[in-house]
Amino acid sequence: MSIRDGVDRLTGKTGKTGKTGKTDRTGEPTQRQPDVEQAREIARYKYLLRMASLEQLEQAHVEAFTTLQPEQQERLFLRLCRDLPEEDRPIGRAVAELAHAAVVAQEADRGYLVRMLRRPGHGISDGLSVGASAEHSFFADSVLGQVAAAAARSEAVSESLAGFENSLEAAQVDASIFVRSPGPDDHGAGVARLSGGSAG
């Protein structure tokens, strides 16, 4: 393998027939597109967690948790039972119970759901099990992307997503958006899309 081939391999550029995926007309790899889309879906989800009502979030999570496999739902149940105080734990494994407990936990700790969904099996392997076949993936499987995408498609939160394009969360995944510091009369930081000039 030549030095050029080695550099190309390290940078992910393997040409039009390389293993890293297709390339566009400029020869640049396009494999990263799914990662960008998932980042945007997670940003939309974070926006919903900040803006939607508790009732809207609960319904969206009922729909999102329904898309999970049974063993994934079991991990969520065990993790919620581990993390939450007894009075807030789900009383059963039904998705409605999981969704209610998840939203209660999110209300108490605004970063909880994103952290938990990234590693739903974290900390539940001792004395608890969802089956030997799944045990190896307790610390590897993330359902954040799947839940985020499904929750954002829910009709229950469609109106709450109206302001996403000009949100702080959108600015984190789109370089064409910048955030201005909130003024004395602002309720929160505003954002504006760059268009070659300064924001008004």
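Colleague: Gln 73, buried or exposed?
Modeller: Gln 73 counts as buried, because its relative accessibility is 18% and the cut-off for buried is under 20%. Bear in mind that this is a predicted model.

Colleague: Which helix is Gln 73 found in?
Modeller: Gln 73 is found in helix α4, which covers residues 70–83.

Colleague: And what is Gln 73 in contact with, leaving aside neighbours within four places in sequence?
Modeller: Phe 65, Thr 66, Leu 68, Val 95 and Leu 98.

Colleague: Which other residues of α4 are buried?
Modeller: Besides Gln 73, the buried residues in α4 are Gln 72, Glu 74, Arg 75, Leu 76, Phe 77, Leu 78, Arg 79 and Leu 80.

Colleague: How far apart are the end C-alpha atoms of α4?
Modeller: They are 20 Å apart. At 1.5 Å a residue, the 14 residues of α4 should span 20 Å, so the two values agree.

Colleague: Now α4 against α5. What is the angle?
Modeller: The axes of α4 and α5, the latter being residues 95–108, cross at roughly 45 degrees and come within 10 Å. That makes α4 oblique to α5. The crossing is left-handed.

Colleague: Which residues meet there?
Modeller: From α4, Gln 73, Phe 77 and Leu 80. From α5, Val 95, Leu 98, Ala 101 and Ala 102. By class, the contact of α4 with α5 has six nonpolar residues, one polar and no charged.

Colleague: What about α5 itself, which residues are buried?
Modeller: The buried residues of α5 are Leu 98, Ala 99, Ala 101, Ala 102, Val 103, Ala 105 and Gln 106.

Colleague: What span should α5 have?
Modeller: Its 14 residues should span 20 Å at 1.5 Å a residue. The end C-alpha atoms of α5 are 20 Å apart, which agrees.

Colleague: How does α3 pack on α5?
Modeller: Helix α3, residues 54–66, packs on α5 at an angle of about 135 degrees, and the axes are 8 Å apart. That makes α3 oblique to α5. Their crossing is right-handed.

Colleague: Which residues does that contact involve?
Modeller: On the α3 side, Leu 54, Leu 57, Glu 58, His 61, Val 62, Phe 65 and Thr 66. On the α5 side, Val 95, Ala 96, Leu 98, Ala 99, His 100, Ala 102, Val 103 and Glu 107. The contact of α3 with α5 divides into ten nonpolar, three polar and two charged residues.

Colleague: And α3 with α8, what is the crossing angle?
Modeller: Roughly 130 degrees, with the axes coming within 8 Å; α8 is residues 144–152. α3 and α8 are therefore oblique to each other. α3 passes α8 in a right-handed crossing. Ala 60, His 61, Ala 64 and Phe 65 of α3 make the contact with Val 147, Ala 150 and Ala 151 of α8. By class, six of these residues are nonpolar, one is polar and none is charged.

Colleague: Zooming out, how many helices and strands in the protein chain?
Modeller: Nine helices and two strands. From the N terminus on, the order is α-α-α-α-α-α-α-α-α-β-β.

Colleague: What share of the residues count as buried?
Modeller: 35% of the 200 residues of the protein chain.

Colleague: And contacts between residues 24 or more positions apart, what do they account for?
Modeller: They account for 57% of the contacts in the protein chain with a separation of 6 or more.

Definitions and conventions: Residues are numbered from 1 along each chain as its sequence is written. This is a predicted model: local features need pLDDT of at least 70, side-chain atom pairs count only at pLDDT 80 or more; totals for chains, interfaces and linings use all residues. Side-chain values use heavy atoms; hydrogens and water are left out. Axes are lines fitted to C-alpha atoms, for helices over the stretch in contact, and angles run from 0 to 180 degrees between N-to-C directions. Helices (H or I, at least four residues) and strands (E, at least two) are DSSP runs, numbered from the N terminus. Angles under 35 degrees count as roughly parallel, over 145 as roughly antiparallel, 65 to 115 as roughly perpendicular and the rest as oblique. A crossing is left-handed if the near helix is turned anticlockwise from the far one by less than a right angle, and right-handed if clockwise. Contact means heavy atoms within 4.5 Å. Ala, Val, Leu, Ile, Met, Phe, Trp, Tyr, Cys and Pro count as nonpolar, Asp, Glu, Lys and Arg as charged, and the others, Gly among them, as polar. The expected span of a helix is 1.5 Å times one less than its number of residues. Buried means under 20% relative accessible area, exposed over 50%, partly exposed in between (1.4 Å probe, protein chains only).
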